[in-house]
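Hello,

Here is the structure we discussed handing over. My notes follow it.

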Amino acid sequence: MSTVTKDPTAQQAAGNAQGLTPQQKIEGLQEIVKQVGNAMLTSRSPDGKLASRAMHPATTEGLVFSFYQNSDSGKTDDIESDPNVNVSFIDPKTGDWVSVSGKAVINKDQSKIKRHWSQTLQAWFDDKKDGVHTGKEDDPRVCLLDVHPEEIRYFATSGRLAFLKDVAKATFSGGVASPGQLVIVTNDEIQLASKVHKQQT
């Protein structure tokens with residue numbers, strides 16, 4: 001399911017991932033995302049500037065990264081102006097990282113909002129005391145920002161000890177640290193994961 005590319009980084013990743021099934025690649029991705037937790041979401045504002053902010057995904061079902069947000073926030077303007085975004089995760093202990101490139105949409109599906117809602121989220125929505133904007137799950141400002149990936153790249157190390165040993169070795173030898181492997185989840189593989197998820201729900 002790989003696509004031909006002149007990108008040397010992508011070519012190297014394709015070589016690294018030989019022998020890995022799409023499911024194994026996705027499991028490696030999910031392990032890093034679960035371990036790291038918080039992500040940085042980068043979008044482009046209407047005036048063209050890039051802006052990043054910390055977000056915690058409510059769910060990654062079907063490889064769609066969903067985040068709760070207030071529809072009145074500046075992120076909504078960003079997405080309406082330019083839906084292209086990046087979601088990134090990094091584990092400073094191991095050097096593992098994930099970069100998700102895709103398009104974002106505002107999702108107001110009440111069933112999905114309620115399914116993943118937790119009371120702690122109310123801290124991000126003020127109660128305007130008008131009986132409507134209560135900060136609860138049925139508040140009309142509560143929505144999900146769904147990021148539909150077009151390509152996912154991640155770097156997986158073999159653990160913190162291996163990471164430190166490799167960096168130390170490279171420091172003394174003059175080489176380049178490469179304590180793990182770069183893996184690319186292609187658009188075809190993402191679409192396959194989405195279809196499998198839909199069949200299971």
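Asp96 sits in the loop that links E4 and E5 (helices, H or I of at least four residues, and strands, E of at least two, are DSSP runs numbered from the N terminus). This is a predicted model, in which local features need pLDDT of at least 70 and side-chain atom pairs count only at pLDDT 80 or more, while totals for chains, interfaces and linings use all residues. Residues are numbered from 1 along each chain as its sequence is written, and side-chain values use heavy atoms, with hydrogens and water left out.

Asp96 counts as buried because its relative accessibility is 12% (buried is under 20% relative accessible area, exposed over 50%, partly exposed in between, with a 1.4 Å probe and protein chains only). Its side chain reaches the backbone nitrogen of Thr157 at 2.7 Å. Leaving out residues up to four places away in sequence, Asp96 touches Ile32, Phe89, Ile90, Asp91, Phe155, Ala156 and Thr157 (contact means heavy atoms within 4.5 Å).

Ile32 belongs to the buried set of H2, along with Lys25, Ile26, Leu29 and Val33. Seen down the axis of H2, the buried residues fall within an arc of 125 degrees, so they line one face of the helix (the arc is that of the directions from the helix axis to the C-beta atoms). Their cover includes strands E3 (65-70), E4 (84-90), E5 (97-107), E6 (142-157) and E7 (180-185), and helix H6 (187-200). Glu31, Lys34 and Gln35, on the other side of H2, are exposed.

After H2 comes Gly37, with a positive phi near 85 degrees.

Regards

Methods
A polar contact is a pair of N or O atoms within 3.5 Å; within protein, one must be able to donate a hydrogen and the other to accept it, and residues adjacent in sequence count only if both atoms are side-chain atoms.
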